[in-house]
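Thanks for making time this morning. I'll take you through one structure, piece by piece. Have a look at it first.

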Amino acid sequence: MYKIIDDKSSGKTSRLMLIAKENNATFVCDNPYGMELKARAYGIIGIDFISYSDYINLSHEEKSNHKYEID
């Protein structure tokens with residue numbers, strides 16, 4: 001697990017997106033559509049985004065067979 005702790009507007013989310021891309025992980029966040037737009041603005045493509053509620057509703061098997069980065 002990675003914990004990125006830093007000041008406001010310091011690039012924490014973009015760093016987490018890069019980690020998700022490097023690890024072929026799904027990015028879990030409050031607003032998947034908005035976060036995907038933000039990723040594209042950063043020039044980061046190829047990440048899957050899901051909401052917190054979708055993540056919570058995944059089975060234990062789905063969670064253990066795939067990597068997730070939680071914003």
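Let me start with a question: does Arg 40 count as buried or exposed? Arg 40 counts as exposed, because its relative accessibility is 54%. Bear in mind that this is a predicted model.

Arg 40 has a partner. Its side chain meets that of Glu 36 in a salt bridge, at 3.1 Å from N to O. Glu 36 is partly exposed, because its relative accessible area is 29%. Now the spacing. Glu 36 and Arg 40 are four residues apart in helix H2, so about one helical turn separates them. An α-helix has 3.6 residues a turn, so residues three or four places apart point the same way. How many salt bridges does a search of the whole structure find? The search finds one.

Now the inside. The largest nonpolar core has eleven residues. Here is the list: Leu 16, Met 17, Ala 20, Ala 25, Phe 27, Cys 29, Met 35, Ala 39, Ile 44, Ile 47 and Phe 49. Where do they come from? H1 gives the most, with three residues.

Let's stay with H1. Which residues of H1 are buried? They are Thr 13, Ser 14, Leu 16, Met 17, Ile 19 and Ala 20. What covers them includes S1, H2, strand S2 at 49–51 and strand S3 at 68–70.

Take Leu 16. Setting aside residues up to four places away in sequence, Leu 16 touches Ile 4, Phe 27, Glu 69, Ile 70 and Asp 71. Next, Thr 13, also in helix H1. Thr 13 is buried, because its relative accessible area is 18%, and the cut-off for buried is under 20%. With residues up to four places away again left out, Thr 13 touches Phe 27, Met 35, Lys 38 and Asp 71.

That brings us to Met 35. This residue sits in helix H2. Is Met 35 buried or exposed? Met 35 counts as buried, because its relative accessibility is 12%. What does Met 35 contact, apart from its neighbours within four places in sequence? The contacts are Thr 13, Met 17, Phe 27, Cys 29, Phe 49 and Asp 71. Look at Phe 49 in that list. Met 35 and Phe 49 are 14 residues apart along the chain. Their C-alpha atoms are separated by 7.6 Å.

Now compare another pair, Asn 23 and Lys 8. They are 15 residues apart along the chain. Their C-alpha atoms are separated by 25 Å.

Asn 23 itself is in the loop between H1 and S1. Asn 23 counts as partly exposed, because its relative accessibility is 23%. Its side chain reaches back to the backbone oxygen of Ile 19, at 3.0 Å.

Next to the backbone. Asn 24 lies in that loop between H1 and S1 too. For Asn 24, phi is near 55°, a positive value in a residue other than glycine. This comes just after H1. Asn 24 is exposed, because its relative accessible area is 59%.

Ser 9 also has a positive phi, of about 60°, although it is not a glycine. Where does Ser 9 lie? Ser 9 is in the segment before H1. Ser 9 is exposed, because its relative accessible area is 72%.

Last stop, the surface. Which residues make the nonpolar patch of about 290 Å²? Tyr 52, Ile 56 and Ile 70 make it. Tyr 52 lies in helix H3, residues 52–56. Tyr 52 counts as partly exposed, because its relative accessibility is 32%.

To recap. The core has eleven residues, with H1 giving the most. The search finds one salt bridge, between Glu 36 and Arg 40. Asn 24 and Ser 9 carry positive phi values. That's my part done; over to you for discussion.

Notes: Residues are numbered from 1 along each chain as its sequence is written. This is a predicted model: local features need pLDDT of at least 70, side-chain atom pairs count only at pLDDT 80 or more; totals for chains, interfaces and linings use all residues. Side-chain values use heavy atoms; hydrogens and water are left out. A nonpolar core is a set of buried Ala, Val, Leu, Ile, Met, Phe, Trp, Tyr and Cys residues joined through side-chain atoms within 4.5 Å. Buried means under 20% relative accessible area, exposed over 50%, partly exposed in between (1.4 Å probe, protein chains only). Helices (H or I, at least four residues) and strands (E, at least two) are DSSP runs, numbered from the N terminus. Contact means heavy atoms within 4.5 Å. Patches are made of residues with over 30% relative accessible area and no salt bridge: like charges are joined within 9 Å, nonpolar side chains (Val, Leu, Ile, Met, Phe, Trp, Tyr) within 5 Å. Accessible areas come from the Shrake-Rupley method with a 1.4 Å probe; for residues, only the protein chains shown count as cover. A salt bridge is a side-chain nitrogen of Lys or Arg within 4 Å of a carboxyl oxygen of Asp or Glu. A polar contact is a pair of N or O atoms within 3.5 Å; within protein, one must be able to donate a hydrogen and the other to accept it, and residues adjacent in sequence count only if both atoms are side-chain atoms.
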